[in-house]
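Welcome! Take a moment to look over the sequence and the 3D view below, and then we can walk through the structure together.

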Amino acid sequence: ETSVFSITGAFPGIRKALVARGWVENEDRASMLWNLKYALFQRDIGAPSELDESQVTNYFARNNEVTSKVGLCNTLQNTCNLDRVDVNRWYPRCYD
């Protein structure tokens with residue numbers, strides 16, 4: 001069975017890696033025939049309720065806790081407070 005991917009946006013490294021692994025690109029952005037959809041915005045993927053169980057995307061809602069600098073900083077700070085770990089010993093200090 002052939003694995004099919006669709007990419008919205010300029011991600012040449014991801015495209016190259018998938019093709020090297022035997023994946024085939026579906027260049028029709030409106031098509032729902034893919035196993036993996038890689039996109040920058042949720043609107044490029046469509047409604048989650050329209051996806052089949054076999055379809056995977058790189059997007060998940062409200063991901064700013066791990067995809068923005070301030071979100072990652074705050075998440076690590078809060079996590080370390082829960083476990084009483086000194087975050088400044090292993091993570092560089094950063095400011096909002």
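Is arginine 29 buried, partly exposed or exposed? With a relative accessible area of 37%, arginine 29 is partly exposed. Please keep in mind as you read that this is a predicted model.

**Salt bridges**

The search of the whole structure finds 2 salt bridges, and they are listed here.

| Salt bridge | Distance, N to O |
|---|---|
| Arginine 15 and glutamate 25 | 2.9 Å |

Arginine 15 counts as partly exposed, at 23% relative accessibility. Together, Arg15, Glu25 and Arg29 form a network of salt bridges.

**Strands**

Now follow the strands. Strand S1 (residues 4–8) runs parallel to strand S3 (residues 36–39), and 4 bridges join them. Within this pairing, isoleucine 7 stands opposite tyrosine 38 of S3. S3 also runs parallel to strand S4 (residues 56–57), to which 2 bridges join it. Here lysine 37 has threonine 57 in S4 as its bridge partner.

Serine 6 is another residue of strand S1. Because its relative accessibility is 0%, below the 20% cut-off, serine 6 counts as buried. Leaving out residues up to four places away in sequence, serine 6 touches Asn26, Arg29, Trp34, Leu36, Lys37 and Tyr38. By contrast, look for arginine 93: from serine 6 to arginine 93 is 38 Å in space, C-alpha to C-alpha, and 87 residues in sequence.

**Nonpolar residues, inside and out**

Which residues make up the largest nonpolar core? Its 5 residues are Phe5, Ile7, Phe11, Leu18 and Leu36. One of them, leucine 18, is in contact with Phe5, Trp23 and Leu36, leaving aside its neighbours within four places in sequence.

Phe60, Val66 and Leu72 make a nonpolar surface patch of about 260 Å². Valine 66 belongs to helix H2 (residues 64–67). Because its relative accessible area is 49%, which lies between the 20% and 50% cut-offs, valine 66 is partly exposed.

How values were computed
Residues numbered from 1 in each chain as written. Predicted model: local features only at pLDDT ≥ 70, side-chain atom pairs only at ≥ 80, totals over all residues. Heavy atoms only, no water. Patch = residues over 30% accessible without salt bridge, like charges linked within 9 Å, V, L, I, M, F, W, Y side chains within 5 Å. Areas by Shrake-Rupley, 256 points an atom, 1.4 Å probe, with all protein chains shown as cover. Salt bridge = Lys/Arg side-chain N within 4 Å of Asp/Glu carboxyl O. Buried < 20%, exposed > 50% of the residue type's maximum accessible area, 1.4 Å probe, protein only. Pairing = 2+ DSSP bridges. Core = buried A, V, L, I, M, F, W, Y, C linked by side-chain atoms within 4.5 Å. Contact = heavy atoms within 4.5 Å.
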